[in-house]
Amino acid sequence: MKKALSVLSLSLVASLAHAQVSVKDAWVRATVAQQKATGAFMQLQSAQDAKLVSAQSPVAGVTEVHEMAMDNGVMKMRPVPFLALPAGKAVELKPGGYHVMLMDLKAQVKDGDMVPVTLVVEGKDGKRQNIEVKAPARVMAKPAMGKDKPMGGHNHGEHKH
């Protein structure tokens, strides 16, 4: 009996070690009516080398892991087959970089909504694990007009005289 408990305890520890991916500061950009896509952003950290291989959400018909990158001087967004999660290093999913793209939205995502997202992470051993995230929707802040902008925020390149 003691040996069986030891084996059971060991297998629980092994599965917990595999499951050590933390998610911090998750949020989803709120949308306007009729908008069909948005992004989910967060910080991921894995105790062991792993990779984010996919994501799902009931609010979207299609959910993909995307990156935004410069390509011949043009910013392009594209899906990626996976996102590496190096052991012990925080990986930031943020606007203008890697993110989870929620497309074919089934309804407007309003400020304050809690959006469920399931992340699928694969360990070096090939085993996959689902991580359930509830991310609050929030409105993306607009850049402030202020002293750091020429002429109090006016861009003279846009003026017509």
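Biologist: What makes β1 and β2 a pair of strands?

Modeller: Two strands pair if at least two bridges link them. Six bridges join β1 to β2, so this pair qualifies. The two strands run antiparallel. This is a predicted model, and these values are computed from it.

Biologist: Which residue of β2 is the bridge partner of Val21?

Modeller: Ser46 is the bridge partner of Val21.

Biologist: How do you know that β1 also pairs with β10?

Modeller: β1 and β10, residues 128-138, share two bridges. The rule asks for at least two, so they count as paired. This pairing is parallel. In β10, Ala137 is the bridge partner of Val28.

Biologist: Why are Trp27 and Phe41 called an aromatic pair?

Modeller: Their ring centres lie 4.7 Å apart. The limit is 6.5 Å, so they pair. A search of the whole structure finds one aromatic pair.

Biologist: Why is the pair called tilted?

Modeller: The angle between the planes is 40°. Stacked needs under 30 degrees and edge-to-face over 60, so 40° is tilted.

Biologist: What makes Arg138 a charge over the ring of Trp27?

Modeller: The charged end of Arg138 sits over that ring, 4.1 Å from its centre. The distance limit is 6 Å, so 4.1 Å passes.

Biologist: Which ring has Lys51 over its face?

Modeller: Lys51 lies over the face of Phe82, at 4.6 Å from the ring centre. That is also within the 6 Å limit.

Biologist: How many salt bridges does the model have?

Modeller: The count comes to four.

Biologist: Why is the contact of Arg78 with Glu67 called a salt bridge?

Modeller: The closest N and O atoms are 2.8 Å apart. The limit is 4 Å, so the pair counts.

Biologist: What makes Asp71 and Lys76 a salt bridge?

Modeller: The N to O distance is 3.5 Å, within the 4 Å limit. Asp71 has 29% relative accessibility and counts as partly exposed. Lys76 has 40% and counts as partly exposed too.

Biologist: How do you know that Glu122 and Arg128 form a salt bridge?

Modeller: Their closest N and O atoms are 2.9 Å apart. That is within 4 Å, so they do. Glu122 is buried at 15%. Arg128, at 53%, is over the 50% mark, so it is exposed.

Biologist: Which residues form one network?

Modeller: Lys51, Glu122 and Arg128 are joined by salt bridges that share partners.

Biologist: How do you know how confident the predictor is?

Modeller: The scale runs from 0 to 100, and the protein averages a pLDDT of 83. Of the residues, 76% score at least 70. Over residues 2-18 the pLDDT is below 50, and that stretch has seven contacts beyond near neighbours in sequence. Residues 146-161 also stay under 50, with eight contacts beyond four places in sequence.

Terms used. Residues numbered from 1 in each chain as written. Predicted model: local features only at pLDDT ≥ 70, side-chain atom pairs only at ≥ 80, totals over all residues. Heavy atoms only, no water. Phe/Tyr/Trp six-rings, centres within 6.5 Å; stacked < 30°, edge-to-face > 60°. Lys NZ or Arg CZ within 6 Å of the ring centre and 35° of its normal. Contact = heavy atoms within 4.5 Å. Helix = DSSP H or I, 4+ residues; strand = E, 2+ residues; numbered from the N terminus. Salt bridge = Lys/Arg side-chain N within 4 Å of Asp/Glu carboxyl O. Buried < 20%, exposed > 50% of the residue type's maximum accessible area, 1.4 Å probe, protein only.
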